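Here's a quick briefing to read alongside the fold. Have a look at the sequence and the model, then go through the points by topic.

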Amino acid sequence: MAEALATITPVAGLGMITIRADLDRAGDALAEAAGLAIPDATGTVTDGSRTLAWMSPDELLLILPASDLSAALSDLTQALTGEHGLVADVSDARAVFDVTGPHAADVIAKLAPVDAAALPSGVLRRTRMAQTAAAFWRMDGGFRVIGFRSTADYLSLILTNAAMPGSQLAPR
């Protein structure tokens, strides 16, 4: 029997914080509070346990262990003192999946209009996966995918279906 193209694993235990601010004005203070450099446009910066992702010209997403969430919210809020900005816990509004394995890029390519095989490390893509909004980036052994919690069951289903055994894409 053929093996699945990739393993689809729900990821629990993460906290996520949306940060909205003028990054030119508040970027240095936010970087210090987050413990990570501000990523370039469409980029991610990670230290292993934390990832800071560029979501738009005035928006970042900090992904970190749930145990660090409270302190990070406080630090980021303090970093924006005197600035127009927003720091919001969006952990419960997001679902996270890891897509890993030798053909993980094929799974992503089936669902999103992106050449996932050519996606460099440290680059984030915000797009649609089939009929739902998602963001993803390359990680060791595959990709991390974030979607809305309200579509988590659908996202899990389409990722699992795209990884079905025997469904490889044609060689390029």
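Aspartate 98 sits in strand β7, and this being a predicted model, everything below is computed from its atoms. Is aspartate 98 buried or exposed? Its relative accessible area is 12%, and since the cut-off for buried is under 20%, aspartate 98 counts as buried.

**Around aspartate 98**
- The side chain of aspartate 98 has a partner: a polar contact of 2.7 Å links it to the side chain of arginine 144.
- Setting aside residues up to four places away in sequence, aspartate 98 touches Thr7, Ile8, Thr9 and Val11, plus Met139, Phe143 and Arg144.

**Helix α3 and its cover**
- Strand β7 (94–100) turns up again here, as part of what covers the buried residues of α3.
- Helix α3 spans residues 104–111 and is mostly covered, with 6 of its 8 residues buried.
- Those buried residues are Ala104, Ala105, Asp106, Val107, Ile108 and Leu111.
- Besides β7, the cover includes β1 (7–10), β8 (124–129), β9 (132–139), β10 (142–148) and helix α4 (152–162).

**The five-stranded sheet**
- What order do the strands of the open sheet take? Reading across its 5 strands, you get β3-β4-β5-β2-β6, with antiparallel pairing.
- At the edges are β3 (44–46) and β6 (85–89), each of which pairs on one side only.
- On average, neighbouring strands of this sheet are turned by 20° against each other, ignoring direction.
- Strand β2 (residues 14–21) pairs with β5 (residues 59–65) in the antiparallel sense, over 7 bridges.

- Helix α1 (residues 23–34) lies across β2, β4 (51–56) and β5, and runs at about 155° to β2.
- Helix α2 (residues 69–79) lies across β2, β5 and β6, and its angle to β2 is about 10°.

**Threonine 18 in β2**
- Threonine 18 is one to click on in strand β2.
- With a relative accessibility of 8%, threonine 18 counts as buried, because the cut-off is under 20%.
- Leaving out neighbours within four places in sequence, threonine 18 is in contact with Glu59, Leu60 and Leu61, and also with Leu86, Val87, Ala88, Val90 and Arg94.

Note on methods:
Residues are numbered from 1 along each chain as its sequence is written. This is a predicted model: local features need pLDDT of at least 70, side-chain atom pairs count only at pLDDT 80 or more; totals for chains, interfaces and linings use all residues. Side-chain values use heavy atoms; hydrogens and water are left out. Two strands pair if DSSP finds at least two bridges between them. Helices (H or I, at least four residues) and strands (E, at least two) are DSSP runs, numbered from the N terminus. Axes are lines fitted to C-alpha atoms, for helices over the stretch in contact, and angles run from 0 to 180 degrees between N-to-C directions. Contact means heavy atoms within 4.5 Å. Buried means under 20% relative accessible area, exposed over 50%, partly exposed in between (1.4 Å probe, protein chains only). A polar contact is a pair of N or O atoms within 3.5 Å; within protein, one must be able to donate a hydrogen and the other to accept it, and residues adjacent in sequence count only if both atoms are side-chain atoms.
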